[in-house]
Amino acid sequence: QVQLVESGGGLVQPGGSLRLSCAASGNIFSAYAMGWYRQAPGKPRELVARISSGGKVNYADFVKGRFTITRDNAKSTVYMQMNSLKTEDTAVYYCNVGTVLNGNYYPTNSWGQGTQVSVSS
């Protein structure tokens, strides 16, 4: 099973930026799609962005134009640059290893421990 370690969360004011990182163990990183999810208190976990093994990206409507997902296969790391952060972006952010089939992202059971993002003035 792939081990995932997220980092980069923190407290930021509305309008600020953060860059999340997710480092994966193993040598199969490049073969998989990667996704960033988030979970706010009392809410279900939701897909924020995903990137295919070939680099094709897709975003949830609520982050389009603000977040950018990228991957560095040489470092087995996926990133998410988050700009123009809003209070409603406050959540624990998780990365995931998955697959993309017929345009849909299917997560596996490989999750990181999460990193807290708090947006507050």
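In which loop does Asp89 lie? Asp89 is placed in the loop between E8 and E9, where helices (H or I, at least four residues) and strands (E, at least two) are DSSP runs numbered from the N terminus. The model is predicted, so local features need pLDDT of at least 70 and side-chain atom pairs count only at pLDDT 80 or more, while totals for chains, interfaces and linings use all residues. Residues are numbered from 1 along each chain as its sequence is written, and side-chain values use heavy atoms, with hydrogens and water left out.

The chain contains eleven strands and zero helices. Its C-alpha atoms fill a box of roughly 40 × 25 × 25 Å along the principal axes. Buried residues account for 43% of the 121 residues, where buried means under 20% relative accessible area, exposed over 50%, and partly exposed in between (1.4 Å probe, protein chains only).

The largest nonpolar core has 28 residues, and Trp36, Met80, Met82 and Tyr93 have the most contacts inside it. Strands that each supply at least two residues of this core include E4 (33-39), E8 (77-82) and E9 (91-101). A nonpolar core is defined as a set of buried Ala, Val, Leu, Ile, Met, Phe, Trp, Tyr and Cys residues joined through side-chain atoms within 4.5 Å.

Asp89 has 0% relative accessibility and therefore counts as buried. Not counting residues up to four places away in sequence, Asp89 touches Arg38, Arg66, Phe67, Ser84, Val117 and Val119 (contact: heavy atoms within 4.5 Å).

Four salt bridges are counted, each a side-chain nitrogen of Lys or Arg within 4 Å of a carboxyl oxygen of Asp or Glu. One of them joins Asp89 to Arg38, with the closest N and O atoms 2.8 Å apart. This pair links distant parts of the chain, since Arg38 is in strand E4, 51 residues from Asp89. Asp89 also forms a salt bridge with Arg66 (2.7 Å, N to O). Arg66 lies in the loop between strand E6 (57-59) and E7, so this pair ties together parts 23 residues apart in sequence. Both Asp89 and Arg66 are buried. Through shared partners, salt bridges join Arg38, Glu46, Arg66 and Asp89 into one network.
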